[in-house]
Amino acid sequence: MKTVEVKINGQSVQADAAGSILDAAKLAGTKIPILCAHPDLTAWGACGICIVKIEGNPRLVRACTTKVVPGQNYITHDPEIQKIRKTVIELILSNHPQECLTCARNQACELQKLATDFCIREVPYDTNIMDLPKDTSTESVILDPVKCVQCGRCALVCQSLQDVWALEFLERGEKTRLAPSADVLLDESPCIKCGQCAAHCPVGAIYEKDETDKFLAAVLAKNTHVSVQIAPAIRVALGEAFGMKPGSIVTGKIYAALRKLGADSVFDTNFGADLTVMEEGSEFVEKFLNRKGDLPQLTSCCPAWTDYMEKYYPDMIPHFSTAKSPMMMQGAMAKTYFAQQKNLDPKDIYSVAIMPCTAKKFEIRRSSDMNSSGAPDVDLVLTTRELGRLIKMAGIDFENLADEKADSPIGLYTGAGTIFGVTGGVMEAALRTAYKLVAGEELKNVEINPVRGTDGVKKGVIDIKGTAVKVAAAHGMINVKSILEEIREAKKTGKPMPYDFVEVMACYGGCIAGGGQPYETDDKVRAARTAGLYTDDAKSQLRCSHLNPEILHIYEKFLGKPCSDKAHKYLHTHYQKRPVYKK
Amino acid sequence: MKNFILVCAGTACESSKADDIYKNFLAEIEKHGLKDDAQVIKTGCFGFCEKGPIVKILPDEAFYVEVKPSDAKEMVEEHIIKGRFVKRLLYAGDEVGDKENFEASDIQFYKKQYRIALRNCGFIDAENIEEYIARDGYEALAKCIFEMTPDQVIEELKVSGLRGRGGAGFPTWMKWNFAKNAEADQKYILCNADEGDPGAYMDRSILEGDPNSVLEAMAIAGYAVGASKGIIYIRAEYPLAIHRLGIAINQSYERGLIGQNIFGSKFNFDIEVRLGAGAFVCGEETALIKSIEGNRGMPTPKPPFPAIEGLWGKPTIINNVETFANVPAIILKGGKWHTTIGTKGSPGTKVFALTGKINNSGLVEVPMGTTLRDVVFDIGGGIRDNKKFLAVQTGGPSGGVITEKDLDTPIDFDSLVAMGSMMGSGGMIVMNEDDCIIDVAKFYMDFCVEESCGKCSPCRIGTKKLYQYLDKISKGSAVEEDIKKMEDISNAMKLASLCELGKTAANPVLSTLNHFKDEYLKHIVDKKCRSGKCKDLVSFVVNDKCIGCTACKRKCPVDCISGEKKELHVIDQTKCIKCGECVAACKFKAIDKI
């Protein structure tokens, strides 16, 4: 990184030569207030709160979008700047409903924090609150345009990071609002439910559909066996809701908390992930070795990605692994195998999944294949944020909970299942088992570095005893396009396929940075959660799915072989072309 | 000698049936077999829109005004056949008296004008490139290509001191020089024809009357900075300008004046037209670029400036129509010549669109440094109906009001800013004593509320709040502290908005507050509106002159006047809608407006 010397309020700092004044101020330990800027996004200077002075220049500039110039001294705080910032915040508040107490973002709202910091005790201007209905059309997120501050983060995420273009600015001037393009409902829009809009919204204008009530009702209901599974990425993020550091591994505490909340059985989606590896890995090996079916095989664990593919790239359907996601497999096994083992009527099981993801709420109803047990295999999906609230509501001292273990027989998991929560992890887990299936022996070093890391697209060639497997892992939908285009091009021209196996996760960083995870996720937080999962994997005694004794057991007792007819019945699904716009 | 009948075919005259006039002339000429003796030509705007449609017959210099289609017959029979002026249609201002033979430049409206940008408007047929060529058209481009290096072209512009006519007056040569020095495989020349200030129409008129001057200048710019592509961004609501641009582009391509190997040289330059949907903000250069790129027209932060990183991320020159129209003249006559016109800081001329409560509305091009008094009272012929001058709004919604005390200040880019206004694109709206300054500020603020792109919060929310305060003031429900709030909001908008539109959107308030604080206070404290425009602050009251004739009672549209015949009438203030019909109906001055 080339650095230049600039001054922040007279204090010299070596700033990134290509960075902004905002970045430089951070290095100098000076906090400039922001509302529209977000570390994940290219700053675009909408809110007008981060204005600063350049010494000797009469005009104020936006710290977020103005690049540093060597030698300049930036005044980030003085009474005049603070007064203007306060006026701008007051203006924003004058168009914002004062409903903090009942807002989804109460105490987690960036605007609320600004109002606190700027000592705003009243809104001096006449208020203009828009009169627009909430968009509750999807299972995943609720869009409340009335609370929107038009910062544009959601649209920037949706367009520039996710390449979905479901959200756009509509109308002009005071009527400007963020809404699905063409002013349709979210459900009718190209929205893939990834929830990154909600994760990036500074206020309560887009948020996950809160379904904690359903959980409370289920544990209260008589004769209901509440069975809960937790996704890999939850264990390194939930602690943040209780003031713990990002990446803190709290698996045992979550099991304990869930039991305190009234769960009758507690499982781990990591088991489902191990099962997915068996199915998806076998499916791949079959295609790869016997050249049956279309390569590359594309992973299918991520429901947002699946939705995207069905809308934008339906020609990829033959490439899609038919394996269900770990969550759906886990749910199906809870209502069949587990029910059998415990002599439970599947009808009495209420299957709950704690997920880092809003699209998972949509996935459980995406097709009739999700009811393979005869009823919904998963009845309810709660995000990490919702679980955090449930635990707080129950007054559980989370940090001091003693670790507990998951229930058997579908609770034990390997490190391979754990790393499903991070980009490259599904690929790595699948390759650990594929290696065994192809080479007939165990992979010595199970850490497959080419698919680790934060690059948007990671490519590598894995050598399995002289056979080269060309793999790629992409995360953040904008990064997926290039790979899909390469595949299309190869199909069109008949040139050799560039890949054999491709992993896709819709969210940048993977599920650890999913749309349902605790707020304030940035690259630092992503790195910490990722490290948490890799640490958990490294500490695992078993690191390959095919070595999980409970997995071996379930095949032996229930499913037969991977990709057997029975496995297909419960663990596989179908895809269909869907219109980008429903209407 | 052959007669040339020039019929104004600008948008204003066209809407007064200039096209029918043109067709009737053709028919009359045909009918009388005068094809060899007279030629009818559709020209661009003469500028003197107040008196349109205008028909000028050469070589007699007969300046006919307010011509109707039915007049063509008489004009051909009298003027063309018999050689007699049609007196009833001749312009007849005091300055020309009864004279028939006078030059257009004798007319008060034209006397102090100096035309560079409008040099061909009203003289040539915009749809015939030969006429442009006959008036030295494309000679400047040839001169650049064959006799000048790109640096010399830019140097000539530097010497000329030409500043951008679209708003802030940035030196044109500097923009060109930035783009020239930027390394890139492709550069673009954009012509900003997204004229959006209320009342301004100089760019439209230039494109309607002399489109080739802009094409030529764009090619010159392309040559100077090394760009091979030009795009004219024009609002779709300018159909005539778009039509004539299309013709001009086709004709210039046919003659090899635009396109590949211009004049047989190695220089290539293509021009295309892109239509905008008419958003005011798309006149802001970064928003304009976004719009051309197919995105929502919203400004982006500067830097990077378009000259370095513009359309599709490439170095891009954006000049407005009027700026371009000046360029060929400067190249041909030299930068030095240009500095002999206008002021030191702002050489050359500026076109103003003079409208409002003025006798001669129209387009006027005057040397920079002309005083506002000259423009309003000499060229504009003073205030309509002999009313008292109140103020002039210059610079459109982003500008400000200029009052009596500044009428004698020579106007140029810098003096206007010093007066708290700006040049803008040159809109000039004259107000008289019948106007209420709150009402004027409300009008402009309403425009800003509608036209804010909605991106940045100070502008999006601030404009609306300011409008609401103005509205309260006009309705008598504001309090004195509201002025302080308006100032706070305005200040935040000025300093924290992203683009120039937002930074200046509070000007209608700041400028009127600065010059007319007493009027604000009169509205707020006394609940009175001097002009009576703010209807909520006006009441109509019957005085004792009333004889009970019931005329007012019968006229009142809401039946709020009561009283028997020959008895004093009473107006029910709760029902009165302040339409003033009763005052007009009363023959005895028995109703006071207070």
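The model I looked at is predicted.

Entry 1, H17(B) and H18(B). I looked up helix H17 of chain B, residues 437–451, and found that H17(B) packs with H18(B) at an angle of about 155 degrees. Their axes are 9 Å apart. Angles over 145 degrees count as roughly antiparallel, so I put H17(B) and H18(B) down as roughly antiparallel to each other. I noted their crossing as left-handed. On the H17(B) side the contact includes Ile438(B), Met445(B) and Val449(B), and on the H18(B) side it includes Thr463(B), Tyr467(B) and Leu470(B). By class I have 9 nonpolar, 2 polar and 5 charged residues in the contact of H17(B) with H18(B).

I then took H18, residues 457–475, with H19, residues 481–496, both of chain B. The angle is about 155 degrees and the axes are 10 Å apart. That makes H18(B) roughly antiparallel to H19(B). The crossing of this pair is left-handed. Among the residues that meet are Pro458(B), Gly462(B) and Tyr469(B) in H18(B), and Met486(B), Ile489(B) and Met493(B) in H19(B). I list 9 nonpolar, 2 polar and 4 charged residues for the contact of H18(B) with H19(B).

How many residues of chain A are in contact with chain B? I found 26, in contact with 30 residues of chain B. Strand S4 (60–62) and helix H2 (79–94) of chain A each supply at least two residues of the side that touches chain B. H2(A) gives the most to that side, with 6 residues. The chain A side divides into 12 nonpolar, 10 polar and 4 charged residues.

Technical notes:
Residues are numbered from 1 along each chain as its sequence is written. Chains are lettered from A and ligands numbered from 1 in the order in which they are written. This is a predicted model: local features need pLDDT of at least 70, side-chain atom pairs count only at pLDDT 80 or more; totals for chains, interfaces and linings use all residues. Axes are lines fitted to C-alpha atoms, for helices over the stretch in contact, and angles run from 0 to 180 degrees between N-to-C directions. Helices (H or I, at least four residues) and strands (E, at least two) are DSSP runs, numbered from the N terminus. Angles under 35 degrees count as roughly parallel, over 145 as roughly antiparallel, 65 to 115 as roughly perpendicular and the rest as oblique. A crossing is left-handed if the near helix is turned anticlockwise from the far one by less than a right angle, and right-handed if clockwise. Two residues are in contact if their C-beta atoms, placed from the backbone, lie within 7 Å. Ala, Val, Leu, Ile, Met, Phe, Trp, Tyr, Cys and Pro count as nonpolar, Asp, Glu, Lys and Arg as charged, and the others, Gly among them, as polar.
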